[in-house]
Amino acid sequence: MSDSRPIALDAMGGDHAPHEIVAGAVHAVRERGLSIVLVGAPRVLYEALADHDATKEVPIVRAEEALEMNEGALASLRRPRSSIAIACHLVRRGDASAVVSAGSTAGIVATGRLRLKAQQGVLRPAIAVALPTRPTPALLLDAGANAEVKPEMLVQFAHLGAAYAQLAHGIEDPRVGLLTIGSEPEKGNKLVKRAHELLQGSPGLNFAGNVEGHDLLAGTVDVITTDGFTGNVALKTMEGAVRYAFDELRETLSESRLARLGAAMQRSRVRELRRRLDAEAYGGAVLLGLNGTVVIAHGSSKAQGISAACKLAADLSAEGIVSGIADRIAATHRSHRLW
C-alpha cells in the first residue's frame with residue numbers, strides 16, 4: 001500500500017528552523033525517496049533549498065505566519081495562516097498525506113484539533129511516543145496533549161496505542177499497561193483505579209495490569225496508557241536520565257589511558273546504544289485520533305531527525321493509521337452496545 005501524495009512539512013517550526021528543516025527535507029527526498037512539500041516563507045525557503053541545489057526537487061507552499069516555539073494553544077486561533085495551519089489544511093484538502101512539524105507541541109495539538117478535527121468516536125486525540133524497548137518499541141500515551149482526563153479517556157488512549165502497535169510494529173495482540181505507583185490493582189488515585197476497572201472489562205484489549213515508572217523501558221508491555229501530565233513528566237525524566245547516563249559514561253571512559261583503550265574497542269557498541277536511545281531516531285511523536293496523520297518531531301531536531309520524522313509520517317499514512325484507528329474505535333463502540 002502506498003500514497004503518492006507528499007508529506008506537508010512545516011518548515012518554520014523548530015529550534016533550528018528553517019535551515020535544518022530544509023536540510024531534513026532534502027535528505028528525505030534524496031536518501032529516502034519521499035515526496036515532500038515545504039510550508040512557510042517562500043523567499044527564505046527558496047534560499048535554503050538553493051544552498052542544497054534542491055530548488056527543483058522540493059516544492060514550496062506559502063504560509064504568511066509561523067508559531068513561535070514559546071506560543072501555546074491559543075496561538076492556533078491568533079494565527080490562522082501559520083505554517084502548521086496551512087500544512088494541516090493541505091491534509092484536510094487531500095493534497096498531502098501527512099503533516100510533520102518540530103514546532104510548539106501545544107500549538108500543533110491545538111491546530112490539528114481545530115483544522116483536522118477528532119475522528120468520530122474519539123474523545124480526545126493523544127500523543128504517542130515510542131520508547132526504545134526490545135524487541136519492539138513500547139508506546140507511551142498520552143505524552144502531553146491532555147493534562148486533565150477522565151477514566152474513559154485512558155481506556156481510549158489504550159485502544160489508540162494498540163492500533164498504532166498493530167499497524168506500525170506488527171504486534172497482533174498488543175499488551176497494555178496502566179502507568180501508576182504500584183503493580184497492585186488498588187494502587188493509585190481515583191482516576192487510575194477507575195481506569196483499571198474499565199481496562200479490565202474493555203473488549204478487544206489485552207490488559208496486562210498496572211506498570212510503574214521503572215517499567216517504562218522494561219519491555220513488559222507494548223502500550224502504556226496514562227494522562228498527558230504524568231506521561232510528559234515520565235518521558236522527560238527518562239530522557240534526562242539517559243542524557244545524564246551518557247555524560248557520565250563519556251567522562252568515565254576518558255579518565256585514563258586504559259579506559260580510553262576500552263572505549264575504543266567498544267566504540268561501535270556504544271555508538272549503537274546511543275543511536276537506539278536517541279529520540280530523533282524514532283522520528284518523533286504521533287498525534288493519534290485526528291482525521292489525518294500528524295507527526296511531532298522533537299523541537300531541537302536537526303536534519304536527520306526531520307528526515308526520520310518524514311519517514312515515520314509516510315509509513316503511518318501508507319499503513320492506514322487513521323482508518324485503522326477508526327475501525328478499532330467503531331469496534332469498541334459496537335462491543336459496548338452489545339454489553
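Two strands pair if DSSP finds at least two bridges between them; helices (H or I, at least four residues) and strands (E, at least two) are DSSP runs, numbered from the N terminus. The model is predicted: local features need pLDDT of at least 70, side-chain atom pairs count only at pLDDT 80 or more, and totals for chains, interfaces and linings use all residues. Residues are numbered from 1 along each chain as its sequence is written, and side-chain values use heavy atoms, with hydrogens and water left out.

**View 1. Strand 10 with strand 5 and strand 11.** Strand 10 runs antiparallel to strand 5, joined by 3 bridges, and antiparallel to strand 11, also through 3 bridges. I127 has L287 of strand 10 as its bridge partner, while V286 is bridged to V295 of strand 11. A hairpin is formed by strand 10 and strand 11, with 4 residues between them; in the turn, G289 has a positive phi of about 105°.

**View 2. Side chains of strand 10.** A285 and L287 point one way, V286 and L288 the other.

**View 3. Helix 5 and its cover.** Helix 5 spans residues 105-115, and its buried residues are G107, I108, V109, A110, T111 and G112. The elements covering them by contact (heavy atoms within 4.5 Å) include helix 3 (75-78), helix 4 (83-92), strand 5 (126-131) and strand 10 (285-288). L114, in helix 5, is partly exposed, with a relative accessible area of 34%. Just after the helix, K117 takes a positive phi of about 70°.

Conventions: Buried < 20%, exposed > 50% of the residue type's maximum accessible area, 1.4 Å probe, protein only.
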